[in-house]
Amino acid sequence: MEIPGIDTSIGRQNCCESQEIYCIVLKSVYDEGLEKLELFRAFYEEKNYQKYGVLAHGLKSVCRSVGAMKLGQLAENHENAVKNGDFAYVDANHEEWMQEYQELIENIGRTEEIMRS
C-alpha cells in the first residue's frame, strides 16, 4: 500500500507489522483529522496559541507513529514555536501546514483498503 506523504513501512512497523491494525489506525487518523483541522483553524483564528500548541504536540506523535514524517516535523516546528513564543512563525506557516495536513487526510481517504477498515 502506498500513500503519498506517508512512509508506510514505518507505520506498519509501529503496528507490529500488521496491515489490518495499520489500516484501522490510519482510518482513525482520517476520521479524527477532519475534526482536528477545524480545531486548528478555530484556535488559530482565536489566536489561542496554547491550545494550538497542544494540538500540534498530539499531531506530531500521531504523524510519526503512522509514518507521516514530514507532517510530523512540521507539527514539531509549530509546537516548538508556540513553546518559544514565536507566534510570528505560526502566523507565517499556518496555512501551508494546514494544507499539508488536509492533503494527508485526503490521501488516506482515497485509499480503499483503509476506508473499508
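Residues are numbered from 1 along each chain as its sequence is written, and because the model is predicted, local features need pLDDT of at least 70 and side-chain atom pairs count only at pLDDT 80 or more, while totals for chains, interfaces and linings use all residues. Side-chain values use heavy atoms, with hydrogens and water left out.

Helices and strands here are DSSP runs, numbered from the N terminus: a helix is H or I over at least four residues, and a strand is E over at least two. The C-alpha trace spans about 40 × 20 × 20 Å along its principal axes. The radius of gyration, taken over C-alpha atoms, is compared with a globule rule of 2.2 Å times the number of residues to the power 0.38. For 117 residues, a compact globule would come out near 13 Å, and the 14 Å of the protein agrees with that.

Of the 117 residues, 39% are buried. Buried means under 20% relative accessible area, exposed means over 50%, and partly exposed lies in between, with a 1.4 Å probe and protein chains only. The protein exposes about 6400 Å², of which carbon and sulfur atoms supply 49%. These areas come from the Shrake-Rupley method with a 1.4 Å probe, and for residues only the protein chains shown count as cover. Contact means heavy atoms within 4.5 Å. Among contacts between residues at least 6 apart in sequence, 63% join residues at least 24 apart.

The interior comes next. In soluble globular proteins, nonpolar side chains tend to be buried together. A nonpolar core is defined as a set of buried Ala, Val, Leu, Ile, Met, Phe, Trp, Tyr and Cys residues joined through side-chain atoms within 4.5 Å. The largest such core has 32 residues, and Ile6, Leu26, Phe40, Tyr52, Trp97, Tyr101 and Ile108 have the most contacts inside it. Helix H2 (19–46), H3, helix H4 (69–83) and helix H5 (87–109) each supply at least two residues of this core. H2 gives the most, with nine residues.

Tyr101 is in helix H5 and is buried, with a relative accessible area of 3%. Not counting residues up to four places away in sequence, Tyr101 touches Gly33, Lys36, Leu37, Phe40, Leu59 and Leu71. The C-alpha atoms of Tyr101 and Ala75 are 26 residues apart along the chain and separated by 9.5 Å. Ile108, with neighbours within four places left aside, is in contact with Ile3, Ile6, Leu26, Val29, Tyr30, Ile114 and Met115.

Beyond four places in sequence, Ile3 touches Thr8, Leu26, Asn107, Ile108, Thr111 and Ile114. Ile3 and Gly72 are 69 residues apart along the chain, and their C-alpha atoms are separated by 15 Å. Thr8 is found in helix H1 (residues 8–13) and is also buried, at 9% relative accessibility. Its contacts, leaving aside neighbours within four places in sequence, are Met1, Ile3 and Tyr22.

Gly53 is placed in helix H3 (residues 49–66). With a relative accessible area of 8%, Gly53 is buried. Outside the four places on either side in sequence, Gly53 touches Glu79 and Val82. Gly53 and Arg41 are 12 residues apart in sequence, with 12 Å from C-alpha to C-alpha.

Two loop residues have backbone angles to check. Glu17 is in the loop between H1 and H2 and has a positive phi of about 60° although it is not a glycine. Its relative accessibility of 53% makes Glu17 exposed. Lys47 is in the loop between H2 and H3, and its phi, near 60°, is a positive value in a residue other than glycine. Lys47 is partly exposed, with a relative accessible area of 41%.
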